[in-house]
Amino acid sequence: MITSRRQFIQSAGLAAGWAMLPGLALAGKSDDGFINLIARPGEMPLLGDGKTATRIWGYEGKSPGPQIRVRQGEEVKVRLINKLPQPTTMHWHGVRIVNGMDGVPELTQKAVPPGGRFDYVFRAPDAGTFWYHTHNRTWEQMARGLYGTLIVEEKDKPAFDQDLTLVVDDWRLTEEGQIHEKSLGALHEWAHGGRSGRWITVNGAHRPQIAIRQGSRVRLRLVNVCNASIYALKLEGLKAHLIALDGQPVAPRDVSDEPMLFSPAQRIDLALETIADHQGKASLRSLRRDGSDELAGFVIEPSSPGATTRPGLVRLPENPLSKTISMPDALKVDVKMEGGAMGGMRSAIYKGRKLGIDELIQNKHLWALAGVTGLPEKPLFSAKRGQSVVLNLINATAWPHPMHIHGFHFRALERNGKTLATAPWRDTELIMPRETVSLGFVADNPGKWLLHCHTLEHTAAGMITWFEVAA
Ligand code: C2O
Ligand code: CU
């Protein structure tokens, strides 16, 4: 007879040495109501317990950093303390935040120097799965581990038995298990698909195992914090309903048999149910051309005696988004995406000057948006507050790009000329090679906002611009 969780896991055939899913430490408040987050070097056992620890940079020295949980509408107060050898900032990815707290160096604040600090104070209007990360030398600082999750809880908590956050990262490590420094900033990755790594972790552990009970209902919040890796995810041995994307609820849909594209910066919230009588193993997998890899495993334990199963769907309450895009008076902006290997870009404007491709390469500026590489001095466009905006993104490159807009959620209105009636509200949209996608949103949040590719090497090499919404 199985008497304990431990025994059950052993009986499920798991070899010794398999890690259980590391929980994410919760951020605690100090007396003045602030959550202190020290950005500093630290060590993480990425290769597993008992192996050499990897020297990382993390919030509180951990990667992922502590999880911040707040209730919808509640004030978030975070004091960033920089104990890194470089300036840094914090960006609250996906939060429709007040502009001054958006954490963008040059645009919304000065980067915090080593030894400095910055107080982030804001309210999160939407419930859902969000995350925070550095926004300075992001390609390097995020590759070293500077990110964490921000969970904004619904006012009425949906009925789940477990609420799990899974932060997916890929690491490029040396044989000694340390960050592969040589490839940081390498021109090759900047010109191609970005820097990725082969050692995949979930909450800092490789292929962790997650115990869930037969008949229970589990909320799974997946967060892709990779610099560049795009996954096609699939669940095996579990029933899954998609309930939210990038923090915004969607009408629940059974995705048990569908691969789900999962690009850098995106979030996928799933409601998991066990399949009747299926005990033992299930898994979250990433599909390859010729098979799949397990990212995390599930160990399904027998339900406790007397427990009732919880069938039926959970539908998340809507968030207070402005959803009416008014086409007649929308501001329409074409944004051609250019550059990269096999892209054929000849020239682009860099710091106000038109440069040919050789000079661009010398400056490591390899990608352009609307003819400009790097953060332009002038905004791409200026919108009136409350105006509808339609961005027509034309991917003229040979690469996919997860395009992210700060401060707003948008909806894809058209893909390759085909009208989309019910595309979800997102903050990061994956645009495939040669695709044209138009994104619509209501510019109801004043300030200076970024539009950039979230493949961090592409951002660094120029695929970044900004726009303005009048106060
Ligand atoms: Cu997640 Cu500009 O970033
Ligand atoms: Cu890109």
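1. Where is the place of Pro64? Pro64 sits in the loop between β2 and β3; helices (H or I, at least four residues) and strands (E, at least two) are DSSP runs, numbered from the N terminus. The peptide bond that joins Ser63 and Pro64 is cis, with omega about -5 degrees. Most residues other than glycine have a negative phi, and most peptide bonds are trans.

2. On the basis of the model: it is predicted, so local features need pLDDT of at least 70 and side-chain atom pairs count only at pLDDT 80 or more, while totals for chains, interfaces and linings use all residues. Residues are numbered from 1 along each chain as its sequence is written, chains are lettered from A and ligands numbered from 1 in the order in which they are written, and side-chain values use heavy atoms, with hydrogens and water left out.

3. The chain divides into domain 1 (17-156), domain 2 (163-301) and domain 3 (331-469); the bounds come from an automatic or database domain assignment. The centres of domain 1 and domain 2, taken over C-alpha atoms, are 20 Å apart. Their contact (heavy atoms within 4.5 Å) takes 36 residues from domain 1 and 42 residues from domain 2.

4. Domain 1 and domain 2 bury about 3,300 Å² between them, with 60% of it on carbon and sulfur atoms. Buried area is the accessible area (1.4 Å probe) that two parts lose on being put together, summed over both. Of the area that domain 1 buries against domain 2, 21% comes from Leu21, Leu46 and Thr129, more than from any other three residues.

5. Between domain 1 and domain 2 there are 18 residue pairs in polar contact, both residues at pLDDT 80 or more. A polar contact is a pair of N or O atoms within 3.5 Å; within protein, one must be able to donate a hydrogen and the other to accept it, and residues adjacent in sequence count only if both atoms are side-chain atoms. On the side of domain 1 that touches domain 2, β7 (128-134) is among the elements that supply at least two residues, and β7 gives the most, with four residues.

6. The structure holds 29 salt bridges, each a side-chain nitrogen of Lys or Arg within 4 Å of a carboxyl oxygen of Asp or Glu. Three salt bridges cross the interface of domain 1 and domain 2. Asp163 pairs with Arg69 in a salt bridge, their closest N and O atoms 2.9 Å apart.

7. The copper ion (ligand 2) has His401 (ND1), Cys453 (SG) and His458 (ND1) as protein donors, 2.0 to 2.1 Å from it. Donors are N, O and S atoms within 2.8 Å of the metal (3.2 Å for Na, K and Ca); water is not among the atoms, so sites may look incomplete. Because His401 lies in strand β27 (residues 401-405) and His458 in helix α5 (residues 456-460), the pair ties together parts that are 57 residues apart in sequence.
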